[in-house]
Amino acid sequence: MVDTELLKILRCPYCVSGETRNTEKEDPGQLRLVGEDQWLVCQDCARKYPIVTDIPKMLIEEGDKWQKTPEKELPVPPPDGS
């Protein structure tokens, strides 16, 4: 499980980095836990990041893969991260 203190500071890498930075909000890319605490979902761009063995896979490419998947259809992330 992701520590609540860590969740307070984690942000979507897509929404806070370089050319893709969301400049419309003061604090872009806030994340929330979904799927029995197995996924982090960006509240701005809807990218979804799996949590594998208690470690969020916070890569933009990973978030891109799941962006259009409805939250209720997200699978259980495999323990090997594949």
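Visitor: What makes the largest nonpolar core here?

Guide: Eleven residues: Val2, Leu7, Leu10, Cys12, Cys15, Leu31, Leu40, Cys42, Cys45, Tyr49 and Ile51. They get the name because a nonpolar core is a set of buried Ala, Val, Leu, Ile, Met, Phe, Trp, Tyr and Cys residues joined through side-chain atoms within 4.5 Å. Strand E2 (39–42) and strand E3 (48–52) each supply at least two residues of this core; strands are DSSP runs (E, at least two residues), helices likewise (H or I, at least four), numbered from the N terminus.

This is a predicted model, where local features need pLDDT of at least 70, side-chain atom pairs count only at 80 or more, and totals for chains, interfaces and linings use all residues. Residues are numbered from 1 along each chain as its sequence is written, and side-chain values use heavy atoms, leaving out hydrogens and water.

Visitor: Why is Leu59 called partly exposed?

Guide: Its relative accessible area is 48%. Buried means under 20% and exposed over 50%, with partly exposed in between (1.4 Å probe, protein chains only), so Leu59 is partly exposed.

Visitor: Where is Leu59, and what does Leu59 touch?

Guide: Leu59 lies in the loop between strand E4 (55–56) and helix H3 (60–66). Setting aside residues up to four places away in sequence, Leu59 touches Pro13 and Tyr49, where contact means heavy atoms within 4.5 Å.

Visitor: How do you know that E3 and E4 pair?

Guide: Two bridges join E3 to E4, and pairing takes at least two DSSP bridges, so they pair. They run antiparallel, and Val52 has Ile55 in E4 as its bridge partner.
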